[in-house]
Amino acid sequence: MILLLSPSKNMKDCTYKHKTSQPVFIDEAQSIVNELNKMDKSEIQKFMDISDKLANLNSKRFQEWSLPFNKTNSSPAIFSFSGDVYEGLNANSFKDDDIKFAQSSLLILSGLYGILKPLDLIQPYRLEMG
């Protein structure tokens with residue numbers, strides 16, 4: 001069985017103790033970020049149809065995006081998103097077996113990263129799939 005979740009628009013800082021993984025499409029994500037970094041804040045605002053405040057935040061996020069992903073600049077996807085689904089999922093309550101099951105059975109769709117496993121490291125972003 002495979003469970004498929006959408007990402008959340010909201011993200012949070014988190015701490016974690018689990019062994020992490022890298023997104024499969026990290027090179028493609030880097031290419032997208034490179035293109036987004038060519039845009040100024042007003043172009044990002046128009047392109048993403050977001051407020052000035054969100055455009056500033058995301059412009060900064062794209063400028064700070066860097067490889068390689070590690071514990072100091074990224075966090076696992078399952079702990080990074082904070083929408084209703086992720087609050088209900090309550091991954092912070094998962095035992096080691098629950099994390100292992102999620103890593104093999106749960107996928108998260110992402111406009112930037114493509115498909116993510118729960119423990120794939122990601123950096124904060126906002127990029128809707130529409």
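**Exercise 1. Work out how the lining of the largest pocket divides by residue class.**

Solution. By class there are 5 nonpolar, 7 polar and 4 charged residues. Here Ala, Val, Leu, Ile, Met, Phe, Trp, Tyr, Cys and Pro are nonpolar, Asp, Glu, Lys and Arg are charged, and the others, Gly among them, are polar. Next, the lining has 16 residues, with Asp13, Cys14, Ser74, Ser75 and Pro124 nearest the pocket's centre. A pocket is an open set of points on a 1 Å grid over the protein atoms alone where a 1.4 Å probe fits, with protein on both sides within 12 Å along at least five of seven lines; lining residues have an atom within 4 Å of a point.

A word on the model: it is predicted, so local features need pLDDT of at least 70 and side-chain atom pairs pLDDT 80 or more, while totals for chains, interfaces and linings use all residues. Residues are numbered from 1 along each chain as its sequence is written, and side-chain values use heavy atoms, without hydrogens and water.

**Exercise 2. Find which residues of α2 and α3 make their contact.**

Solution. Start with the helices (DSSP runs of H or I, at least four residues, numbered from the N terminus): α2 spans residues 41-48 and α3 residues 52-64. Then look at the contact (heavy atoms within 4.5 Å): α2 gives Lys41, Ile44, Gln45 and Met48, and α3 gives Asp52, Ala55, Asn56, Ser59 and Phe62. By class, this contact has 4 nonpolar, 3 polar and 2 charged residues.

**Exercise 3. Locate Asp49 and describe its phi.**

Solution. Asp49 sits in the loop between α2 and α3. Its phi is positive, about 50°, although Asp49 is not a glycine.

Notes. Axes are lines fitted to C-alpha atoms, for helices over the stretch in contact, and angles run from 0 to 180 degrees between N-to-C directions. Helices (H or I, at least four residues) and strands (E, at least two) are DSSP runs, numbered from the N terminus.
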